[in-house]
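Take a look at the chain below. This report walks through some of its local features, one topic at a time.

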Amino acid sequence: MNKSIHTMHDPFFKIYHELMARKVENILLVSCPYDAFIMEEEGRLSTRIISEYKGLNLSKPPMLTWVSSASEAFEKLANRKFDLIIAMPSLDEMNVYEFGAEVKKEYADLPIFMLIHNTADLQRYIMSHESEGAIDRIYIWGGNADLLLAIIKNLEDKMNVTFDTENANVRVIILVEDSPYHFSSFLPVLYKEIVMQTQSVIDDSINEEHRLLRMRARPKVLLARTYEEALALYNTHKPYLLSVFSDMRFPKGGKVYEKAGYDLLKKIKSEMPELPLLTLSTEEQIREEVTRIPSVFINKNSISLHERIRKFFTDSLGFGPFIFKMPSGEEIARANNLRTMEKLLGDIPDESMCYHAQNNDFSRWLMARSEIDFAIKLKPYKVSDFSSAMAMKKFLIDSIRQRRRGSSKGVVINFDAEKFDSDTDFMKFGKGSLGGKARGLAFMASQLKKETYLSDTFPDVEINIPKTFVLATEGFTSFVEDNNLSVLLDADKDLSDEYIVEHFIEAQFPGWLKTNLECYLRHVNFPIAVRSSSLFEDAHYQPFAGLYKTYMLPNADPSLEKRLEQLVLAIKLVYASTYLKAPRSYAKSTMHRTEDEEMAVILQEVTGHRYENYFYPAISGVAQSYNFYPISHLKSEEGITYIALGLGKIVMEGGKTLRFCPKYPQFLPQFSVVPDILENSQKIFYALKMDTFPENHQFINQINDDLTLERVEINSATDHPMVQALCSTFHVQDNKIRDSFSKRGFPILTFAHILKHNSFPLAKILEEVTRIGSKWMGTSVEIEFAVKLPDANTPKPQLSLLQIRPMGRYKQNLGVEIDTKDVPKGFCYSCMSLGNGDYKDISDIIYVDPATFNPSKTVEIAGEINRINSMFNDTGKKYVLIGPGRWGSSDRWLGIPVVWNDISNVGVMVETTIESIKADPSQGSHFFQNITSLGISYITVSEKGDDFINYDWLGTHECTTQTTYLKHISFERPFRVLVDGKTSQALFLPPEPEEAPERMDDIPVIN
């Protein structure tokens, strides 16, 4: 079978925005006061119409303007545009026909409908109307607001049908009826059935916006009153017909013909044999003849007329549930939605499958659900196209699954406990904001759906957003308010992080939130990342990257109660991180108020593989579209990527990873010779422990530890398939590294199969992802990702996009220039600097003393920095911080592991390279992202090239404060820091004029 519907996409929600574009917004009601009073019937007519609209979830209701005389009507018409005039027979000043004729002279295209009360006078009004030609249509008003709704919607259908059918394949029902009495009765029934049925079937895994848009794609109803009108509508809208409802006796050739309906339906059936037809007639004697057309026959005089019409919608037009039947008519199952159908199909008997397929029941049911695109693509398939009923079932199941996932892809769907579908990609629970991080994820999901370039370019790779469930900020607000936790923000209290975490853990969790989380956990069995998504997080200018907590949950306990307890604890801990010192200190630096911060929480499927009791991705990393430190032939605009085996903690906290430019994936300076490869390759990775979960007190006492993760040495994991797939082998005997893995040597993580042999097109994908991401956000971006390589359960590799945020970039056009003649005058110079500015107001330097520095004491050094930093609180003063290695690294052997509140008053940061610490310059970590976003100049002083720092000069100045490892100098006058963003140079010049300080032996020491 050559046909395929695997390119099937959502039936263009974008087009749905353009449907029903022409609306009836203003209606002029012209009647005498008595008629107006009768129409109001104890309540305002406009109120009743508004009520009907709200009840049916329709769009903005029209505005009614009432006037009691023709002169008032003309005055209103002169001052406002009206879309419809509804007139009653009794008018002051002139009769309704004269009024209509006068209006048509000035407003020829303005529809005028007349409502009459007394059916006894109907024939007289019809004859007058025909002779005058001033009234477009007459309706019988029985006091029911449903008729007014039907009049409005029918007019709107006529106004929009051409565009909506041609652009979105919207379906059409033709009603052929010449009697105002009958079409005044039928139209409200038809519209109510169509709208209510459509509403009921689309209320499945679609958010509110899409529900309303689907409403716009409901079938249109067009009214014809003669054979010729009906035939013209049929010929015009033939490709879009859903059904034809016809009277039997109506005008044909200018005269009433008793078999006009028969001739019309017979002709239509001969040309469209599969089209369902309905005959509505009072002439019971023609029932048998009509059924031979064939057409369903309903007697207009039936006491159950409305119920019979409703049955025709369900039985013949596919509304309501799909009822699986045997050829004998025996019902065997019902499917209320696509998800249920997908589950049922595998167990449906072959005879039933073939019966429904031969009758086009599947495509008809889909059409009734406004799955128009899907239905059209499915309809051409015949039973004979498949080798067996089983093959047909598989085709339908695969098509429905693809359709369901496609319709929810890129859409934020509101959570509904009764209709929760674990296959949904992105779901939101509760009111309020998604938060910055979730907003970025939703944006990426939306863009991936709109732009298929990535999936088209890399068809063998599934590029996706992991399944995501967001608890909106309402949950955080409720939790904090219910437990009065905002008191913990009291400025007079210097509360420890442990104290805050303990109070959050002990606080009562909202019952309504817990109930819905239980529903979520019943349906998901994958490991969950519980991630922060605050209002301020990943903002364009101060992104708060990495300041809040993420907790990984195995979600593997056989007890649902235990899993729920663990999830609630993790959410409380994420909530608590809002009030911890580091984010509060950073918020103060950005002029944000912690009181204004609100926290949403992301529950996200963890991408990866399970091996024994460990779960982790093959590769995780961060790709940046801008490289702050290009070397050799690389350009800044070509970007940079950091990757590692296992979970991304090691990447985002500045651990030892592999750095490469996606455009040149084999250019690896840190892997230039064997000793460099052995020194610089990743030695450990992080994995989620699947068999244990910490106790509550451990989270309080070990706030900064990821207690659910295991630090695994690569040498001890050589039996892991992903380790074998990504490692090369070092053979000691010949001092060589070979790309293939072998247990006869030492495993070295080189990613050679990926970067060198391109077994997975990681570099190319990241090159395109960062390019497209920059275009999406209008600035340089940083994208976190994880890769799941193929295995027995996952034949197709996956690259999951975990986060997108704008990069902190400096303005580099402020006109700062460094004269080469001034360089020898400086006490520090760098050719690798980030930032731009001429600093003339800094007079303090805190530096790590090279004479006492000990690489094993970096944690202690971070503590000393914290204590000196606190001396600057509330002074308004900034300082320069100088130290070896990578600032903010979680790996104490690569640099000093400060966090933001340790350095919250820093003005300029300098990292130096020394022999005892081998670390690439910072730029892939969350810490670095926050530093750059604040505009803090970040300067790297290398051992190589022309860079220098004059510690001897610094040593000639008296220390204001000295600790075991730090010296703090406070100059009487500010020194000068020049940072040239265009050339990446930085120069530190001494104060002018410089005064030689006196030495003092009495220097305070901080213990």
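The sections below cover a sheet, aromatic rings, charges over rings, and some backbone details.

## The model

This is a predicted model. Keep that in mind as you read.

## A parallel sheet

Start with the strands. Five of them, in the order β7-β6-β8-β11-β12, make up an open sheet with parallel pairing. Its edge strands are β7, residues 220-224, and β12, residues 296-299. Each edge strand pairs on one side only. From one strand to the next, the twist averages 20 degrees. In general, the strands of a sheet pair through backbone hydrogen bonds, and the pairing is either parallel or antiparallel.

Now zoom in on one pair. Strand β6 covers residues 172-176, and strand β8 covers residues 241-246. The two run parallel and are joined by 5 bridges. Within this pair, I174 of the chain stands opposite V244 in β8. A helix also packs on the sheet: α10, residues 227-237. Helix α10 touches β6, β7 and β8. Its direction makes about 150 degrees with that of β7.

## Aromatic rings

How many aromatic pairs does a search of the whole structure find? The count is 30. One of them joins F479 and F509. Why does the pair tie together separate parts of the chain? F479 lies in helix α21, residues 473-482, while F509 lies in the loop between α22 (497-506) and α23 (511-523), so the pair links parts that are 30 residues apart in sequence.

Are F479 and F509 buried or exposed? Both are buried. They also belong to one aromatic cluster, together with F476, F504, Y575 and Y579.

## Charges over rings

Lysines sit over tyrosine rings at two places described here. The charged end of K252 sits over the ring of Y227, at 4.4 Å from the ring centre. K649 lies over the face of Y686, and here the distance to the ring centre is 5.4 Å.

## A cis bond

Look next at I293 and P294. A cis peptide bond joins these two residues, with omega at about 5 degrees. P294 is placed in the loop between α12 (287-291) and β12.

## Positive phi angles

Two asparagines come next. N735 has a phi near 50 degrees, which is a positive value in a residue other than glycine. Its place is the loop between β29 (727-731) and β30 (736-738). N735 counts as partly exposed because its relative accessibility is 45%.

N758 also has a positive phi, near 55 degrees, and is not a glycine. Find N758 in the loop between α30 (752-755) and α31 (762-777). With a relative accessible area of 47%, N758 is partly exposed.

## A buried loop residue

Where is M807 found? It is in the loop between β33 (798-806) and β34 (828-830). M807 has a relative accessible area of 3%, so it counts as buried. The cut-off for buried is under 20%.

Definitions and conventions
Residues are numbered from 1 along each chain as its sequence is written. This is a predicted model: local features need pLDDT of at least 70, side-chain atom pairs count only at pLDDT 80 or more; totals for chains, interfaces and linings use all residues. Side-chain values use heavy atoms; hydrogens and water are left out. Two strands pair if DSSP finds at least two bridges between them. Helices (H or I, at least four residues) and strands (E, at least two) are DSSP runs, numbered from the N terminus. Axes are lines fitted to C-alpha atoms, for helices over the stretch in contact, and angles run from 0 to 180 degrees between N-to-C directions. Contact means heavy atoms within 4.5 Å. Buried means under 20% relative accessible area, exposed over 50%, partly exposed in between (1.4 Å probe, protein chains only). Rings of Phe, Tyr and Trp (its six-membered ring) pair if their centres lie within 6.5 Å; planes under 30 degrees apart count as stacked, over 60 as edge-to-face and the rest as tilted. A charge sits over a ring if NZ of Lys or CZ of Arg is within 6 Å of the ring centre and within 35 degrees of the ring normal.
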